[in-house]
Amino acid sequence: MSPGAVDTIVVTGASRGLGAHCALRLHETGYRVVGLGRKPAKSSPFEMRVADVADAASVSAALGDLKRDKSVYGLINAAGIASMNLVITTPPETVRRIIETNLIGTIFCCQAVAPAMVKRGGGRIINFSTLGVPLAIKGEAVYIASKAGVEGFSRAFAREMAPHGVTVNTIAPGPIDTALIEKVPRQKIDEVVGRQLIPRQGEPEDVWNIVSLLLSAESSMITGQTIHVGGA
Amino acid sequence: MSVTYHEVEAFIRDELASLTGEVSVSADTVLIGQNRVLDSADLVVLLLAVEEFAKEKMGVDWDWTSDSAMSEARSVLRNVGALAHHLADLQAA
């Protein structure tokens, strides 16, 4: 991966977890990173902006200046929330919040950034799902529903964007050691990892390697795909 | 910053002609639905160009999202004239 001098990558959920890891690696690689987070960043080596991805007006306000900016090459939709719970014991407001952040937030950010890539004549959109979709993990049904939505959205959006040279792919990791799973019991994590084709818990760097691949010029024929980290 | 309906229509016709190679573009030229003259990819390009025109020449922030965007009966995108009228109306508002 070798970025152009002023190529910009927008990273949602850039204040923590996989989003923060990818944003930092992109910054180190030489991209201009515009990170989005729900709260102001105390300090960051790259530009951070405040936005609630589930709120279209908030996304538009945060990214409005990039809508016509041809330096925008990539969008990484890493913002996400999870809640381990049985369906029948999950509060309605939590159900709504998970769907709005994970699925609708992904759609809103694509709407905000894709026009710039169309104007540029190419780009890369990377969305995030979970290995939980193919593995159908008990206790994550709402989270899995939101991510299955992301996968379906990404496949269809890839078809809309293909004529413009913009690829849209989804990365579906298993449990990666980030804040997202800090409250998940070790036994549960081991159980899921044991069902992966490669039964090793992934590291953030494993995800970054796929992000890096999908951002590369050489991946211009890869679109509409979901890549399962660890295999399912 | 004031642009007439005819200037908006002329801009859209020119953009459309450039995108599609159609020589007989008029206010009645259909943009969406069964008899459309451009595919969805070119429609996106047209929308971007019109949005920029609206912003820079008319001082209008045009939000093209609409539940009826793909409605052949109600959409402001149903033909060149409807889109031009819509933008002229936004400018007048």
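# Briefing: chains A and B in a predicted model

Seven residues of chain A are in contact with six residues of chain B. On the chain A side, helix α3 (residues 92–120) gives the most, with three residues. By class, that side of chain A has three nonpolar, one polar and three charged residues. Keep in mind that this is a predicted model.

**Chain A as a whole**

- Chain A holds seven helices and seven strands.
- A compact globule of 232 residues would have a radius of gyration near 17 Å, and chain A agrees because its own value is 17 Å.
- Along the principal axes, the C-alpha atoms of chain A fill a box of roughly 45 × 35 × 35 Å.
- Of the 232 residues in chain A, 45% are buried.
- Take the contacts in chain A with a separation of 6 or more: residues 24 or more positions apart account for 69% of them.

**Helices α3 and α5 of chain A**

- The axes of α3(A) and α5(A) lie 8 Å apart, and the two helices pack at an angle of about 15°.
- Angles under 35 degrees count as roughly parallel, so α3(A) and α5(A) are roughly parallel to each other.
- The crossing of α3(A) and α5(A) is right-handed.
- From α3(A), the contact uses V95(A), I98(A), I99(A), N102(A), L103(A), T106(A), I107(A), C110(A) and A114(A).
- From α5(A), the partners are V142(A), Y143(A), S146(A), K147(A), G149(A), V150(A), F153(A), F157(A) and M161(A).
- Sorted by class, the contact of α3(A) with α5(A) has 13 nonpolar, four polar and one charged residues.

**Helices α2 and α3 of chain A**

- Helix α2 (residues 56–63) of chain A also meets α3(A): their axes come within 10 Å and cross at roughly 30°.
- This crossing of α2(A) and α3(A) is right-handed.
- On the α2(A) side stand A56(A), V59(A), S60(A) and L63(A).
- They meet F108(A), C109(A), A112(A) and V113(A) of α3(A).

**Helices α1 and α7 of chain A**

- Helix α1 (residues 17–29) and helix α7 (residues 204–215) of chain A have axes that come within 10 Å and cross at roughly 55°.
- α1(A) and α7(A) are therefore oblique to each other.
- α1(A) and α7(A) cross in a right-handed way.
- L18(A), H21(A), C22(A) and R25(A) come from α1(A), while P204(A), V207(A), W208(A) and V211(A) come from α7(A).
- The contact of α1(A) with α7(A) has six nonpolar, one polar and one charged residues.

**Residue T170(A)**

- T170(A) sits in strand β6 (residues 166–173) of chain A.
- Is T170(A) buried or exposed? T170(A) counts as buried, because it has 27 C-beta neighbours inside 10 Å, and 20 or more are enough for that class.
- Its contacts, leaving aside neighbours within four places in sequence, are N127(A), F128(A), S129(A), V150(A), E151(A), S154(A) and T226(A).
- One of these, V150(A), also belongs to the α5(A) side of the contact with α3(A).
- T170(A) and H228(A) are 58 residues apart in sequence, and their C-alpha atoms are 8.6 Å apart in space.

**Residue A136(A)**

- A136(A) lies in the loop between α4 (132–135) and α5 (141–161) of chain A.
- A136(A) is not a glycine, although it has a positive phi of about 50°.
- A136(A) counts as exposed because it has 12 C-beta neighbours inside 10 Å, and the exposed class takes 12 or fewer.

**Chain B**

- Chain B has three helices and zero strands.
- Its elements run α-α-α from the N terminus on.
- A compact globule of 93 residues would have a radius of gyration near 12 Å, and chain B agrees because its own value is 12 Å.
- The C-alpha trace of chain B spans about 35 × 30 × 20 Å along its principal axes.
- Buried residues make up 26% of the 93 residues in chain B.
- Among contacts in chain B with a separation of 6 or more, 62% join residues 24 or more positions apart.

Key: Residues numbered from 1 in each chain as written. Chains lettered and ligands numbered in written order. Predicted model: local features only at pLDDT ≥ 70, side-chain atom pairs only at ≥ 80, totals over all residues. Helix = DSSP H or I, 4+ residues; strand = E, 2+ residues; numbered from the N terminus. Rg over C-alpha atoms; globule rule 2.2 N^0.38 Å. Contact = placed C-beta atoms within 7 Å. Nonpolar A, V, L, I, M, F, W, Y, C, P; charged D, E, K, R; others polar. Axes fitted to C-alpha atoms, helices over the stretch in contact; angles between N-to-C directions. Parallel < 35°, antiparallel > 145°, perpendicular 65-115°, else oblique. Left-handed = near helix turned anticlockwise from the far one by under 90°.
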